[in-house]
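Welcome! Please take a look at the structure below before reading on, and keep it open while you go through the points.

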Amino acid sequence: MDEKDAIVIVGGGLAGAKAAEGAREAGWEGPIRLVGAEPYLPYERPPLSKGLLQGADGPQAALVAKDGWATANRVELLLGAPAEAIDPGRRTVRLAGAELRYAKLVLATGATPVRPSMPGAELDGVLLLRSLDDALALRDRLMPGARVAVVGASWIGAEVAASARQRGAEVTLLGRGSVPLEHALGTEIGGFYGRVHADHGVTLRLGPDVAGIEGSDRATGVRLADGETVPADVVVLGLGVRPSLGLAQAAGLAADDGVLADARLTTSDPDVLVAGDIASHDHPLFHGRVRVEHWGNALNQGLAAGANAAGADRPYELLPYFFSDQYDVGMEYSGWPTPFDEVLVRGSLDNGEFVAFQLRDGVVVGGANVNVWDVNEHVQDLVRAARPVRRDVLADPGVDPADWVRLAVEAD
Ligand SMILES: Cc1cc2nc3c(=O)[nH]c(=O)nc-3n(C[C@H](O)[C@H](O)[C@H](O)COP(=O)(O)OP(=O)(O)OC[C@H]3O[C@@H](n4cnc5c(N)ncnc54)[C@H](O)[C@@H]3O)c2cc1C
């Protein structure tokens, strides 16, 4: 088989690794080359803010591609080798000292955390969390009694706060809004998470913007816009990510806040597909573009992009899915990245076991199941139904979730 008959995958994260598996599962017999900037076998990022940060797990636990994976899937790994440029006309990818030809290219370059330009953001002790190296560096600083300020009360910030507390650090969680996770879950469910953190000893200081990090050679505190300073030995910035679009844009692929792709994950170049955090794809059910920065999307979209690169012709139509673990609170969420105007709760926020449905104009657009399991597929069924629901049925803990669509939508 000639080199030009290869599938080349750029990005050695979850989406990239799954693209290789997807191509093999779809019957691709040609070479597959996986190009990764990091020197590690592909790994998953969720453990980085959970078990690995807590010290419960080592890096091995995060590997997507365990030993033997590359051999089993006949994948040639080029690790620690960032792709420098793509030439779509010649169908080549350039690395330091090498050029790879491709029949199909899958881009899965993921995202990069935002380091704001605020004063002090570059000081020693100010850390970001995206990579395994980041997580190991942060873990080393999360000593019992260390004063840790987490800036950003969304998913990464909330999980880091929980893990830091579990390591015995003194934690302050800073961020916009009135409660953690407000943007994603609203004030009622965000308030539940706020109480969980407070019960575990986290100091919540939400509302004022962060004006800067104090310290001369290393961080000593976080200065807030209202004038207060929160003392800190370690500052973790969890202020979101930006998709890593540089390669795609330089190659002339259409992009806005992600690389634009059709329902089959094909970009403006028919020989280039995308998956994971960088992909902004035309979702057949959402009737618009969706870019999702979640584990489930990287996993399933990677598989789909790989399969389509291998000649399958499958639209990607799974709903966005997300999970989070903080202390003993586990949660799954499915739904659209769309505003909601109502939250309907089934169960009890007091005992911490509930399903929170997000509604817009009476239609379920998303839902979080918190310490309640085996129901998320039924939340997804409601979202897919895309019709007004009977609130009394969904709020009733006596109704079997398997009957939600039948009783709350179809019987309406
Ligand atoms: C700490 C943390 C915790 C998370 N927890 C959860 C969770 O609990 N639940 C959930 O649903 N999601 C979670 N996520 C989000 C989830 O991990 C991401 O959505 C997922 O990792 C995206 O996968 P990806 O393969 O698209 O990108 P990435 O995982 O970012 O992988 C992209 C890879 O491409 C490489 N790359 C970039 N440019 C190049 C280049 N030019 N050449 C070669 N390689 C390149 C990068 O180095 C990287 O290794 C978490 C993320 C983080 C950081």
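Here is a short briefing on some sheets, hairpins, a ligand site and a helix residue.

This is a predicted model, in which local features need pLDDT of at least 70, side-chain atom pairs count only at pLDDT 80 or more, and totals for chains, interfaces and linings use all residues. Residues are numbered from 1 along each chain as its sequence is written, and side-chain values use heavy atoms, with hydrogens and water left out. Helices (H or I, at least four residues) and strands (E, at least two) are DSSP runs, numbered from the N terminus.

**The five-stranded sheet**

- Follow the order β22-β23-β26-β25-β24 and you will trace an open sheet of five strands with antiparallel pairing; two strands pair if DSSP finds at least two bridges between them.
- At the edges sit β22 (321-326) and β24 (342-348), each of which pairs on one side only.
- From one strand to the next, the twist averages 15°.
- Helix α5 (residues 155-166) packs on this sheet and touches β22 and β23, where contact means heavy atoms within 4.5 Å.
- The direction of α5 makes about 25° with that of β22; axes are lines fitted to C-alpha atoms, for helices over the stretch in contact, and angles run from 0 to 180 degrees between N-to-C directions.
- β22 and β23 (residues 329-335) run antiparallel and are joined by six bridges; Gln326 has Val329 in β23 as its bridge partner.
- Seven bridges link β24 with β25 (residues 353-360), again antiparallel, and Glu342 is partnered by Leu359 in β25.
- The hairpin of β24 and β25 has four residues between the strands, and Gly352 there takes a positive phi near 75°.

- β13 (residues 210-214) and β14 (residues 221-224) run antiparallel with four bridges between them, and Glu214 has Gly221 in β14 as its partner.
- Six residues lie between β13 and β14 in their hairpin, and Gly215 in the turn has a positive phi of about 140°.
- β14 is also joined to β15 (residues 229-231), by three bridges in an antiparallel arrangement; here Gly221 has Pro231 in β15 as its bridge partner.
- In the hairpin of β14 and β15, four residues separate the strands, and Gly227 takes a positive phi near 100°.

**Around the ligand**

- How many residues surround the ligand? There are 34, and the closest are Glu38, Arg45, Lys50, Arg130 and Asp277; a residue counts as near if one of its heavy atoms lies within 4 Å.
- The shell divides into 18 nonpolar, nine polar and seven charged residues; Ala, Val, Leu, Ile, Met, Phe, Trp, Tyr, Cys and Pro count as nonpolar, Asp, Glu, Lys and Arg as charged, and the others, Gly among them, as polar.
- A side-chain N or O atom of Glu38 is 2.6 Å from a ligand oxygen atom, and a polar side-chain atom of Arg130 lies 2.7 Å from an oxygen atom of the ligand.
- Elements that give two or more residues to the shell are α1 (14-25), β2 (32-36), α5, α8 (295-309) and β22.

**Arg139 in its helix**

- Arg139 belongs to helix α4 (residues 132-141).
- Leaving aside neighbours within four places in sequence, Arg139 is in contact with Leu52, Leu53, Gly55, Asp57 and Arg167.
- Leu78 is 61 residues from Arg139 in sequence and 28 Å away in space, C-alpha to C-alpha.

Note on methods:
A polar contact is a pair of N or O atoms within 3.5 Å; within protein, one must be able to donate a hydrogen and the other to accept it, and residues adjacent in sequence count only if both atoms are side-chain atoms.
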